[in-house]
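Have the sequence and the 3D view open side by side as you read.

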Amino acid sequence: MMMKRIFAILALVAMTLGAGIGPTMAQADLTAAKSQGLVGERPDGLVGFVADQVPADVRAMVERINAERKAQYQEVAQRTGQKLAQVQAVAGDRLVQATPSGQFVMNAAGRWVKK
Amino acid sequence: MKQRTLQQGAGLGLMLAAVAACSPTVKVQAPDKPIEINMNIRIEQEVRVKIDRELDDVFARNPELFGIPADGSTK
């Protein structure tokens, strides 16, 4: 009885660790990370972390993508003579809309919701 | 402009690679309060169309950055 309980706890811990760390991808892919529920689209046109723990390569990928997205938005803002925040709002709206159901998007209140 | 972005990207890539090398897993601390992203911005229709058109190009040119299909139909 006691042994059974210990095994159950060990199994649970192993599962939690596995889910938290996730599979280590040689090179993280945005589409894969999104379909795994690790990251999602935010209303400001950037990607954010849905999970508390994300593999280092996914984290690095998100930071790189956000930096490059920001540079692109900045260029659009300059070309159109509009504020960066407005460009980000339009981009965020479109990216959230383009997100397939089953993946996570952030609502205006800052909460992650499954589409 | 393009050159600078590339250089910055390369620098950032190196830094991230270095960081990734020492720590296989980075714990992202969940904040106590939900992240507030205030996006209640009023966008005039005319402005929106202008930005939309530019974004069409940006999305189409950088599919890996936005994770959308190549046809770019996000509207």
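Let's start with chain B, which has three helices and one strand; helices here are DSSP runs of H or I with at least four residues, strands are E runs of at least two, and both are numbered from the N terminus. Along the sequence, chain B follows the pattern α-β-α-α. Of its 75 residues, 21% are buried, where buried means under 20% relative accessible area, exposed over 50%, and partly exposed in between, with a 1.4 Å probe and protein chains only. The accessible surface of chain B is about 5600 Å², and carbon and sulfur atoms account for 56% of that; such areas come from the Shrake-Rupley method with a 1.4 Å probe, and for residues only the protein chains shown count as cover.

A word on the ground rules. This is a predicted model, in which local features need pLDDT of at least 70 and side-chain atom pairs count only at pLDDT 80 or more, while totals for chains, interfaces and linings use all residues. Residues are numbered from 1 along each chain as its sequence is written, chains are lettered from A and ligands numbered from 1 in the order in which they are written, and side-chain values use heavy atoms, leaving out hydrogens and water.

Now for helix α3 of chain A, which covers residues 56-80. Its 25 residues reach 36 Å from the first C-alpha to the last, close to the 36 Å expected at 1.5 Å a residue; the expected span is 1.5 Å times one less than the number of residues. Just after this helix, Gly81(A) takes a positive phi of about 70°.

Contact means heavy atoms within 4.5 Å, and the partners below leave out residues up to four places away in sequence.

| Residue | Relative accessibility | Partners in contact |
|---|---|---|
| Gln72(A) | 10% | Val58(B), Asn62(B), Leu65(B) |
| Thr80(A) | 9% | Lys50(B), Ile51(B), Glu54(B) |

Gln72(A) counts as buried because its relative accessibility is 10%, and Thr80(A) counts as buried at 9%.

Finally, helix α4 of chain A (residues 84-98) packs against helix α2 of chain B (residues 45-61) at an angle of about 65°, with the axes 10 Å apart. Axes are lines fitted to C-alpha atoms, for helices over the stretch in contact, and angles run from 0 to 180 degrees between N-to-C directions. Residues making this contact include Val87(A) and Leu95(A) of α4(A), and Ile51(B) and Phe59(B) of α2(B).
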